[in-house]
Amino acid sequence: MPFFIYTMIKIYNSPIQKITFNNHQFLVKRDDLLHKDFSGNKARKFHYFLDNDFPQIDTVISYGSNQSNAMYSLSVLAKLKGWRFIYYTDHIPSYLEQNPQGNYKYALENDMEIRFKDEGEEIRAQSKNELYISEGGSIIEAQYGLEVLANEIREYQSLKSIRDLKVFLPSGTGTTALYLQKYLDNEVLTCPCVGDSEYLKKQFLELENDESTHPTIIKPPRKFHFGKLYKENFEIWKELKEQTNIEFDLLYDPIGWQTLLDHMQTSSLTYPIIYIHQGGLIGNETMLARYVRKYEK
């Protein structure tokens, strides 16, 4: 359960763990262990704001879904910085509004102010005292923390004398994968979890026009509608937990692992692979309840 008195948060080098899953060996970069309240890819994306002072800023504004991992992470950042946090979303289901849980609940406890976005409304900073962070943390400033992550991977590879190493992670906006590829010589592989490959390419181009620097996109074995419950996603999530004793995110990681395993079979991929665990475990509170209701009545 999150702890709501923040004095100082430091992003330290997260451990890399060797695992065996379905008779394949992998390395897992445990960014879920960075900090109990500020972890995963959102901690990397918002590292710049954590490390620097912004005396002119008193309010941070963002937009996204009502159970967004970025929403909670921004609430932690705002609480730490003493900023007001205004978050726009399209809607709040009546059940969630009456029974707050997951990221929504904990962000509210961090004094998040919820507002509803009108159709066609452009959310942006209105004054020099406001900081706008786009949905999911798809921002240029994310480079700062992801360069740190890339350096950690490079140092591990050198320390262990690993000649060839590929990096894999599932993507929403694709920001993490894009900037990891920018700072790594290793090939970065990713798969779309929101929309398809074309949508993910467009997200890359929003931040970087040079396509030669983009990560390699591999297609999932089937089309998944974002946020929809799929039995095979629930099954592989449970298998991962049983075989590795690691809890992964229920929204992105099941698609990521299915895509990676499928790619390994079809491409005869033999290089060592490091899987980036991007956190998001608070969101499992609501996702797991939905899965259990549907598949384990």
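Reader: What makes up the lining of the largest cavity, by class?

Author: Nine nonpolar, three polar and one charged residues. Here Ala, Val, Leu, Ile, Met, Phe, Trp, Tyr, Cys and Pro count as nonpolar, Asp, Glu, Lys and Arg as charged, and the others, Gly among them, as polar. This is a predicted model, where local features need pLDDT of at least 70, side-chain atom pairs count only at pLDDT 80 or more, and totals for chains, interfaces and linings use all residues. Residues are numbered from 1 along each chain as its sequence is written, and side-chain values use heavy atoms, leaving out hydrogens and water.

Reader: What makes that space a cavity?

Author: On a 1 Å grid over the protein atoms alone, a 1.4 Å probe fits there but cannot get out. The largest holds about 70 Å³, counted as the space filled by probe spheres set on the points. Lining residues have an atom within 4 Å of a point; among the 13 here, Gly227, Lys228, Asn233, Leu251 and Ile255 are the closest to the centre.

Reader: Why are strand 5 and strand 6 called edges?

Author: The open sheet runs 5-4-3-6, with parallel pairing. Strand 5 (113-116) and strand 6 (130-133) each have a single partner strand, so one side of each lacks a neighbour in the sheet.

Reader: How do you know that strand 3 pairs with strand 6?

Author: Pairing takes at least two DSSP bridges, and four join strand 3 (residues 59-63) to strand 6, so they count as a pair. Strands are DSSP runs of E, at least two residues, numbered from the N terminus. One of the bridges links Val60 to Leu131.

Note on methods: 1 Å grid on protein atoms, 1.4 Å probe; cavity = no way out; pocket = protein on both sides within 12 Å on 5 of 7 lines; lining within 4 Å.
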